[in-house]
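Subject: Structure for you to look at

Hello,

Here is the structure I promised to pass on. Please open it alongside this note; my findings follow below.

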Amino acid sequence: MVLIQGSIINSRATIDHHMRNLRSILNYFIHYVKVIPKEYEYPFGPGGFTVSGYFPSTQVLKESEIQSVIDLDEFQSDDHRFARDVWVMLYRFNGANFADLLRMKWSQINGDYIFFTRKKTEDTRKNNRKPIIVPLTDKLKDSIARVGDKNSTFLLGLLKEGYDESYFKNRNHKIKQQINRNLKDIRDQLGLSQPLNLG
C-alpha cells in the first residue's frame, strides 16, 4: 500500500508504475547529474526492491452479458438505443474504435466488405499502413442499418466534409462522452459485471 498525495494507492500495477518512475529518477541523479553521494544505499536490485512486470488481467463481459446488450429492447431514450447500437456495431467490427467509425464513409463499403485504416495509424509511413478489411456479415449489415445516415457522406452522419483535426478531436470526444454516459445507464439497467464504454 502506498500513500500518494493523501490517497491510498494499493493497486499492484499502480505501485509498480510509481516504483519504476522512482528508480529512473534515482538512476538519473546517480549516473548523470551525480548529486547523490556514493555512500547512498541504492534501494533497487539484488537485496533491494524489485519492480515486477505485473500486468493485471483484462476483465471482460461474459458471453451471456454481451447477448443481453444485443437483445435489449427497452430504452430510456432514443439516445440510449443509439448508444447500444453503436456499441454492438463496434463489437462486430473487427479492430475498429469509435474514431474509426465516426469518420467512416459509405464509399468505404465495397461489395461484401468494408475497408478502413485505423485512425491511430494514419500518421505512420504509407508502406506501413495496413488497411483493415471487414466482411459485411448479416449482423453487421443490421448494425449499419440501425445507425447509418443515408443522407450523409459519413456512415454515422455526425461529421461534415472539410473538417480539420481540431474539430474532429472535439467532436469525437463530445459524442463519445455522451454515448458512454448512456452506456453506463444501460450497464446499470442490465446489472453487467463490467463497464460498457467506447474506451
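Start with the sheet. It is open, has three strands and runs in the order β3-β4-β5. The pairing is antiparallel. β3 (109-110) and β5 (132-135) stand at the edges. Each has a single partner strand, so one side of each is left without a neighbour in the sheet. β4 covers residues 113-116 and pairs with β3 over two bridges, in the antiparallel sense. To find one of the bridge partners, go to I109, whose partner in β4 is I114.

Keep in mind that this is a predicted model.

Next, the helices. Two packed helices are described by the angle between their axes and the distance between the axes. I looked at two such contacts, and α3 takes part in both.

First contact: α2 with α3. Helix α2 spans residues 63-71 and helix α3 spans residues 78-92. Their axes come within 9 Å and cross at roughly 130°. That angle makes α2 oblique to α3. The crossing is left-handed. From α2, the residues involved are I66, V69, I70 and D71. They meet R84, W87, V88, Y91 and R92 in α3. By class, this contact of α2 with α3 has six nonpolar residues, three charged and no polar ones.

Helix α6 runs over residues 165-190. The axes of α3 and α6 are 9 Å apart, at an angle of about 95°. Here α3 is roughly perpendicular to α6, because an angle from 65 to 115 degrees counts as such. On the α3 side, the contact is made by D79, H80, F82, A83, R84, V86 and W87. On the α6 side, look for I179, N182, L183, D185 and I186. The contact of α3 with α6 divides into seven nonpolar, two polar and three charged residues.

Last, the aromatic rings. The count comes to five aromatic pairs, with ring centres within 6.5 Å as the rule. One to look at is W87 with Y91. How far apart are their ring centres, and at what angle are their planes? The centres are 5.8 Å apart and the planes are at 0°, so the pair is stacked. Both residues lie in helix α3. They are four residues apart, about one turn of the helix.

Best wishes

Technical notes
Residues numbered from 1 in each chain as written. Predicted model: local features only at pLDDT ≥ 70, side-chain atom pairs only at ≥ 80, totals over all residues. Heavy atoms only, no water. Pairing = 2+ DSSP bridges. Axes fitted to C-alpha atoms, helices over the stretch in contact; angles between N-to-C directions. Parallel < 35°, antiparallel > 145°, perpendicular 65-115°, else oblique. Left-handed = near helix turned anticlockwise from the far one by under 90°. Contact = heavy atoms within 4.5 Å. Nonpolar A, V, L, I, M, F, W, Y, C, P; charged D, E, K, R; others polar. Phe/Tyr/Trp six-rings, centres within 6.5 Å; stacked < 30°, edge-to-face > 60°.
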